[in-house]
Amino acid sequence: MSVMRRRFRRGLAAAATAACTALSVGATAPAAAARTPYPVGDLTTAIGNFVLSPDAVAGANDWTCEPSAEHPEPVVIVHGTTSNFGFAGAMLAPTLANAGYCVYGFNYGETQASLGRIYGLGDVAESARTMSAFVDRVLAATGAAEVDVVGGSQGGMMPNYYIKRLGGAAKVRTLVGLAPTNHGTTMGGLVDLGRKLGVLGLVNDFLRLIGSPAHVQQEEGSEFQEALFADGDTVPGVRYVTIATAHDTTVTPLTNSFLHGGDSTNILLQDLCPDDPVGHSGTWFDGPIMQIVLNALGPDEPGFRPECTGYGPSI
């Protein structure tokens, strides 16, 4: 008997056995009930969470979650400046959880100005240490070797410090940045104007005084920015996907969001969906961006194009 014929017969026998087993199980036990999908929030949900649920969203931080073979990397969501996890994760966390991912998120950068709601204000390096401890907790709970990270604004930039300076390169597979402040911002030219007028130092002293050194560190040309990327934008072994919007008035110029070198992909959203009006903060609530994130973390199809529906707000 040929090898092919023997394999064919063994395949038939295995299929028959599996079918009989399935029939037997089905006859003696009720089918497992499908899990009810988590409710996917929107901007209104996020605003409510900001005040009432700053550290919890639907579908996230289930410490009993076991990553599947299809999605072996847990996903860690990282909010931006003056935000919190309840706001940033309102749409993204349940979207990912409903797609089968184990999803986690945390707050960082608390200072005297946080008032239990407003995070991402503290020193970026210290925030990265908070992230390091949280990622270690996620890996220990799930047994995974690496995580994927999705962060917006400072939440897309700060993980670079973790990856480059705190050993995170060995623990992060993919970093997806949503309008990240990677190379800082001119704030529409205000930072440059302040330097020219000689008043930027006074403004920065005030920001530190009220408890927001992160604002200073995210200025284009800041000492922090220059030091963070002095040895290049990327680290070998980590995949980077950056999504920017043409309507971003917070990160200016918008190309400051992009990373270069290594395994990095930069996406201008309007190249895919020209009519999408979403702004900087609205990236957390944009339908095409949700699709791009799911593709980046999942099949990573070359040339992927999202359906241009469900646009986020122009904020």
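Lys164 and Asp231 pair up through their side chains in a salt bridge, 2.9 Å from N to O (a side-chain nitrogen of Lys or Arg within 4 Å of a carboxyl oxygen of Asp or Glu). It's one of nine salt bridges in the structure. Keep in mind that this is a predicted model, where local features need pLDDT of at least 70, side-chain atom pairs count only at pLDDT 80 or more, and totals for chains, interfaces and linings use all residues. Residues are numbered from 1 along each chain as its sequence is written, and side-chain values use heavy atoms, with hydrogens and water left out.

**Lys164 and Asp231**
- Lys164 is buried at 14% relative accessibility, while Asp231 is exposed at 51% (buried is under 20% relative accessible area, exposed over 50%, partly exposed in between, with a 1.4 Å probe and protein chains only).

**Glu73 and Arg173**
- Glu73 also has a salt bridge, with Arg173, and their closest N and O atoms sit 3.6 Å apart.
- Glu73 is in the loop between α2 (43-52) and β1 (75-78) and Arg173 is in strand β4 (residues 172-178), so this pair ties together parts 100 residues apart in sequence (helices, H or I, at least four residues, and strands, E, at least two, are DSSP runs numbered from the N terminus).
- Glu73 is buried at 16%, whereas Arg173 is partly exposed at 21%.

**Asp205 and Arg208**
- Asp205 and Arg208 join in a salt bridge at 3.2 Å, N to O.
- Both belong to helix α7 (residues 200-210), three residues apart, so about one helical turn separates them.
- Asp205 is partly exposed at 44%, and Arg208 is partly exposed at 45%.
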